Amino acid sequence: MIRSLLIFLLVAIGTFIIDQNLKTMAIDAVNGVEYATILKGSCIDLELHYNRGVAFSMLAFLEDNLKWLQLLLIIGIIIYVLYDGYLKKYAFPIGLILGGAVGNLYDRFEHIGVGDYVAWHCGFDFAVFNYADVMIDLGVAIILLLTYLEHRKKEKIK
């Protein structure tokens, strides 16, 4: 359990640090302007946007209450993961998810919203996102993949 906890903590802290440094670079590049283009590309633009909601700006109407709701949700998830033993099985992906979630939550307390800076527009326009968002998605994908592989392994044994 100590090994799993160490992996979880290192991944979560590392994800948080990388996320905050990338966001600081984006904010510094536009001198704190709320919405600004940093760099234009053929498929990806670097543009600073502050998302006051969650994915695709949903729940933005909750305004300042959103950060407190997210804080409670993160605490609840941590308690559940520790209590139910998932940390031993999924230490790395849970570290990615928590590190990204805390990085985005930190933005809500420090800025007017979550600093998003990657705008995808190759073939279609997509939401503007950040490193923390990618790590959260990657963590979920890893858990889904591991769960699927475990299920397949059990089916083969039967």
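Visitor: Through how many residues does a hairpin join β1 to β2?

Guide: This is a predicted model, in which local features need pLDDT of at least 70, side-chain atom pairs count only at pLDDT 80 or more, and totals for chains, interfaces and linings use all residues. Residues are numbered from 1 along each chain as its sequence is written, and side-chain values use heavy atoms, without hydrogens and water. β1 covers residues 36-39 and β2 residues 44-51 (strands are DSSP E runs of at least two residues, helices H or I runs of at least four, numbered from the N terminus). The hairpin joins β1 to β2 through 4 residues.

Visitor: Which residue in β2 does Leu39 stand opposite?

Guide: β1 and β2 pair in the antiparallel sense over 3 bridges (pairing requires at least two DSSP bridges). In β2, the residue opposite Leu39 is Leu46.

Visitor: Which element supplies the largest share of the largest nonpolar core?

Guide: This core has 11 residues, including Phe8, Ile74, Tyr90 and Ile143 (buried Ala, Val, Leu, Ile, Met, Phe, Trp, Tyr and Cys joined through side-chain atoms within 4.5 Å; buried is under 20% relative accessible area with a 1.4 Å probe, protein chains only). α2 (65-84) and α3 (86-110) each supply at least two of its residues. The largest share, 7 residues, comes from α3.

Methods. Buried means under 20% relative accessible area, exposed over 50%, partly exposed in between (1.4 Å probe, protein chains only).
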